[in-house]
Amino acid sequence: MKRHLIDALPALLLTAVLLAIWEASCRLLHVPVYFLPPPSDVARALVENGAILAGSALQTFWMALKALIVAALIGGGLAISVSLSRPAERAVAPLAVTLQVTPVVAIAPLVLIWFGLDHADRAVTALAAAIAFFPIFSGVLTGLKSADPDLERLFDLHAASPLQRLWRLRLPSALPFALEGLRVAAGQAVVGAVVAEFVSGSGAAQGLAWRLLEAGNRLRTAELLAALVCLALLGLSLNGATRLIERRLLRDRA
């Protein structure tokens, strides 16, 4: 614990310095609060709207978590399936890349129609899962293809079946790549959930994106920044959780 605090000290000091400069600049230059409130106003907005923001953050967290689980199941399962057949890999890979480069704004209206306005949270989860899909698919597929060539030849020598090769060689080799893909996808899922809620045009989900829109439309900049702080903390929490899982699994594997 002490070592972690020492490692985090430079970042904490830099954050404190930046906040002090921000506070002093707003006070000395008399910056309008609707344009840029000082950190003290943002902290006050966090306290005053803590319950509402916490509820919205929890809603966004669950949507991002569900999206991450869906993306992991579909992306990981699809990567394992196509890794067993090179023609299947060549057929699926372009489609996966197409899904990755397609803007969520473009497909959001279609997904919202499919799920219906009464189930906007499901549409947001589906859109976030679409964004988080590619890092997991790419990570697992790359890992499955990164097995030691000498071990591959050893499995050939013993006439191992495709399933034996997959279970005993390629899946263990793919674990670090899969965990890295999961860590990247966790951040993508949070971003995807917020962006999807923005473009869905519905407040039914009532996540942090809705609080951002609400505060921005009313020029309550302090509340908007407070919601952004909650969003950043949510992203850091998910990233930290996936890093912890990665360390534990790789340590147990070692």
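Is Arg 183 buried or exposed in this structure? At 15% relative accessibility, Arg 183 counts as buried, where buried means under 20% relative accessible area, exposed means over 50%, and partly exposed lies in between, with a 1.4 Å probe and protein chains only.

Before I continue, two remarks on the basis of what follows. This is a predicted model, in which local features need pLDDT of at least 70 and side-chain atom pairs count only at pLDDT 80 or more, while totals for chains, interfaces and linings use all residues. Residues are numbered from 1 along each chain as its sequence is written, and side-chain values use heavy atoms, with hydrogens and water left out.

Let me stay with Arg 183 and turn to its salt bridge. The side chain of Arg 183 meets that of Glu 180 in a salt bridge, at 2.5 Å from N to O. By salt bridge I mean a side-chain nitrogen of Lys or Arg within 4 Å of a carboxyl oxygen of Asp or Glu. How far apart are these two residues in helix 8? Arg 183 and Glu 180 are 3 residues apart in helix 8, residues 162-200, and are therefore separated by about one helical turn. Helices here are DSSP runs of H or I with at least four residues, strands are runs of E with at least two, and both are numbered from the N terminus. Whereas Arg 183 is buried, Glu 180 is partly exposed, with a relative accessible area of 31%.

The whole structure contains 8 salt bridges. One of them joins Glu 89 and Lys 145, whose side chains meet at 2.8 Å, N to O. This pair links distant parts of the chain, with Glu 89 in helix 4 and Lys 145 in the loop between helix 6 and helix 7 (149-157), 56 residues apart. Glu 89 is buried, with a relative accessible area of 13%.

Another salt bridge is formed by the side chains of Arg 218 and Glu 214, at 3.8 Å from N to O. Both partners have intermediate accessibility: Arg 218 is partly exposed at 49%, and Glu 214 is partly exposed at 29%.

I return to Glu 89 for its surroundings. Glu 89 is placed in helix 4, which spans residues 86-101. Leaving aside neighbours within four places in sequence, Glu 89 is in contact with Val 82, Leu 141 and Lys 145, contact meaning heavy atoms within 4.5 Å.

Val 82 sits in helix 3 and is buried, with a relative accessible area of 4%. Which residues does Val 82 contact, apart from neighbours within four places in sequence? They are Ala 88, Glu 89, Val 92, Phe 137 and Leu 141. In the case of Leu 141, the C-alpha atoms of the two residues are separated by 8.3 Å, although Val 82 and Leu 141 are 59 residues apart along the chain.

Helix 3 and helix 6, the latter comprising residues 120-144, pack at an angle of about 40 degrees with their axes 6 Å apart. The axes are lines fitted to C-alpha atoms, for helices over the stretch in contact, and the angles run from 0 to 180 degrees between N-to-C directions. The two helices are therefore oblique to each other; angles under 35 degrees count as roughly parallel, over 145 as roughly antiparallel, 65 to 115 as roughly perpendicular, and the rest as oblique. By class, the contact of helix 3 with helix 6 has 21 nonpolar, 5 polar and 2 charged residues. In this scheme Ala, Val, Leu, Ile, Met, Phe, Trp, Tyr, Cys and Pro count as nonpolar, Asp, Glu, Lys and Arg as charged, and the others, Gly among them, as polar.

Ser 56 also lies in helix 3, residues 50-83. Ser 56 is buried, with a relative accessible area of 2%. Not counting residues up to four places away in sequence, Ser 56 touches Gln 206, Gly 207, Leu 208 and Arg 211.

His 30 has a positive phi of about 55 degrees although it is not a glycine. His 30 is found in the loop between helix 1 (2-29) and helix 2 (39-48), and is exposed, with a relative accessible area of 67%. Leu 219, also not a glycine, has a positive phi of about 55 degrees. Leu 219 is placed in the loop between helix 9 (208-217) and helix 10 (221-253), and counts as exposed at 57% relative accessibility.
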